[in-house]
Structures are given as structure tokens and as C-alpha cells.
Amino acid sequence: MYGIGSKGRTRISNIGPTSRPQSKGEPEKNLWSSLLDSVASGKKLPEKNLLVLGGNPELQREFIETLESDTQTRPQDRRKKRPPIANEFALGYTYQHVLDADQDDILARLSIFLLSESSPAFSALVKPLLTPKTISETLVIILLDWAEPWSWARQIRDRVRFLKGVVGPLDDDCKVAMEENMKDWQQRRRGAQYEGGPSTTNGTSVNIPLGSGEWDEPLGLPLCVACHGTEKIEALEKDHAWREEEFDFSLQYLRTVLLKRNSSPLKR
């Protein structure tokens, strides 16, 4: 490699990411590596994981679009090119950026993993996502469709069985992380050692006991159920003669089942 200077061409050799000219008495340093590490650490963002179980590829795309509409409130943000969604085969993936209130700066990166099937054959694809480091940063969502609320019970059963098959064989470090995760969420539920929690007149925290059937079968991961497609409720009323009693029964059933795992339904 040659450099052009005032006196013509000068040969420069051994310039690369692992070596540089040294000054007298100066210990050898990896300048390029330190610079790259500095830049990388400066751009590194907090990462969160979202694991979506259930729904066909089309329903999953619709659900992700609702997440985008929540984070992109300005017209110029909606015109930006969206990240691709690869969810046609096996374990799908896409991502989103979490922006600040002004929608200018990126605060975190949300990795979204999508799996339509609940067959045990796919558990090997999900297990690498759960490590002692990522467990506390992962939220599981079971995606349900308002087009077929009568199939919700079976779908929840299958997804929960799949999750148990995933977390069961995890190593001891992961299980310790899940145990700590459960304790953390349980303390939040009870209000213990958290600001704003219930307290007595002398300011001490009060532990609210768990109710009957609550937290009987925790999975070690935060879990939500998203009932997507609320615009389809009208079709249930017209085509299947559903009334308020049927809707109340379906939602109450969800709450009862999910309460055992400290979860709750979400209507999208």
C-alpha cells in the first residue's frame, strides 16, 4: 500500500486491525479494536424479545401492524419503510425500534419471533432464544383470532403445552433465571418493596395474599394473550347470534385460565 506525500510515494506496510506503528516506550495497543469497540458500545441498544405463538402468517402481520401504529404516531413515521416480516416458514422474525416521546431517538430494539405451529418438533427453534440473559427481557404472547373464539380453549392448551416442553429441558442457569423472574413479578403483584404499593399507616409494605387459583402454574416467563380482530365481533353477532352473555363467558374463561399463570387477555 502506498501513500502520496510531498516527497513522492512512501511504502506503508503492516497496517491493519491488529497492528500499528509504535512509539518508543509505548506499550503495544490494538488501536483499531479499541476504536471499533468504542463505536459499537456507543450504538448498542437495549434489546427486548417478543415471542408470538399462534395465528397464521396473515394474522401475525396484522397484529404486528397494530404494534407499529402504536409506536408511529406521526405521518412521516408511517411513510418510512417497514422492516420485512419473514414468517412463512417455521420460526419467523422481524423487529421494531422503540422510539422516544418525540419519535426521534431510538431507545431500544424489539426483536419479534413468530411461530404459528405448536408442534413439539419446533421447540428446538425456540430454546436458543431463552438464555439466563434474555429470559427477563422476553415476553410471550399467545395470539388468538376473534373469528373463531370457540377454538380459544384448545389453542391456549396447545400453546401452554408447547411452552412447557420448551422450558422444561432448559439448564439450571435458565431455571434459576426463571425463578427469579417469577419472584420479581410476584412481588410486583403483591406490591411488596415497590413504591406505590399498599402500605400501613406507619409506611411498611403489605403483602397481599394470592387469591384462589392465582399463580398455580407459572411458566417462568411473562405471558399475555392477544385477542386480535375486534372488528370481527359484529360478524359473530350477526352470523352466530352471539350476545353479551357469550362474550362475557369467553372473556371470563380466559381470565380464569390465565390467572393461574399470572397473565391476562388483551383485546386488539
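This is a short tour of one protein model, stop by stop.

The model is predicted, so local features need pLDDT of at least 70 and side-chain atom pairs count only at pLDDT 80 or more, while totals for chains, interfaces and linings use all residues. Residues are numbered from 1 along each chain as its sequence is written, and side-chain values use heavy atoms, with hydrogens and water left out.

**Stop 1: strand β3**

Select residues 47-53. This is strand β3. Helices (H or I, at least four residues) and strands (E, at least two) are DSSP runs, numbered from the N terminus. Is β3 mostly covered or mostly open? It is mostly covered: five of its seven residues are buried. Buried means under 20% relative accessible area, exposed means over 50%, and partly exposed lies in between (1.4 Å probe, protein chains only).

Two strands pair if DSSP finds at least two bridges between them.

Click on Val52. Its bridge partner in β5 is Leu114. In β6, Val52 stands opposite Ile141. Keep a general rule in mind as you look along a strand. In a regular strand the side chains alternate between the two faces of the sheet.

**Stop 2**

A salt bridge is a side-chain nitrogen of Lys or Arg within 4 Å of a carboxyl oxygen of Asp or Glu. Glu137 is partly exposed at 28% relative accessibility. Lys48 is partly exposed too, at 37%.

**Stop 3: the pair at β6**

Select Lys232 and Asp145. They form a salt bridge, the closest N and O atoms being 2.8 Å apart. Lys232 lies in the loop between β7 (223-228) and α7 (233-239), and Asp145 is in strand β6, so this pair ties together parts that are 87 residues apart in sequence. Lys232 is partly exposed, with a relative accessible area of 23%.

**Stop 4: helix α5**

Select residues 152-167, helix α5. Show Arg154 and Asp158. Both lie in this helix, four residues apart, about one turn. Their salt bridge has its closest N and O atoms 4.0 Å apart. Arg154 is partly exposed at 44% relative accessibility. Salt bridges that share partners join Arg154, Arg157 and Asp158 into one network. The whole structure has five salt bridges.

**Stop 5: Asn181 in helix α6**

Select residues 172-190, helix α6, and find Asn181. Is Asn181 buried or exposed? Asn181 is buried, with a relative accessible area of 6%. It touches Ile135, Ser136, Gly220, Leu221 and Pro222, not counting residues up to four places away in sequence. Here contact means heavy atoms within 4.5 Å. The side chain of Asn181 also reaches the backbone oxygen of Gly220 at 3.3 Å.

**Last stop: the cysteines**

Select Cys174 and Cys224. Cys174 is buried at 3% relative accessibility. Cys224 is buried at 17%. How many disulfides are there? The count is zero, where a disulfide is a pair of cysteine sulfur atoms within 2.5 Å.

Definitions and conventions
A polar contact is a pair of N or O atoms within 3.5 Å; within protein, one must be able to donate a hydrogen and the other to accept it, and residues adjacent in sequence count only if both atoms are side-chain atoms.
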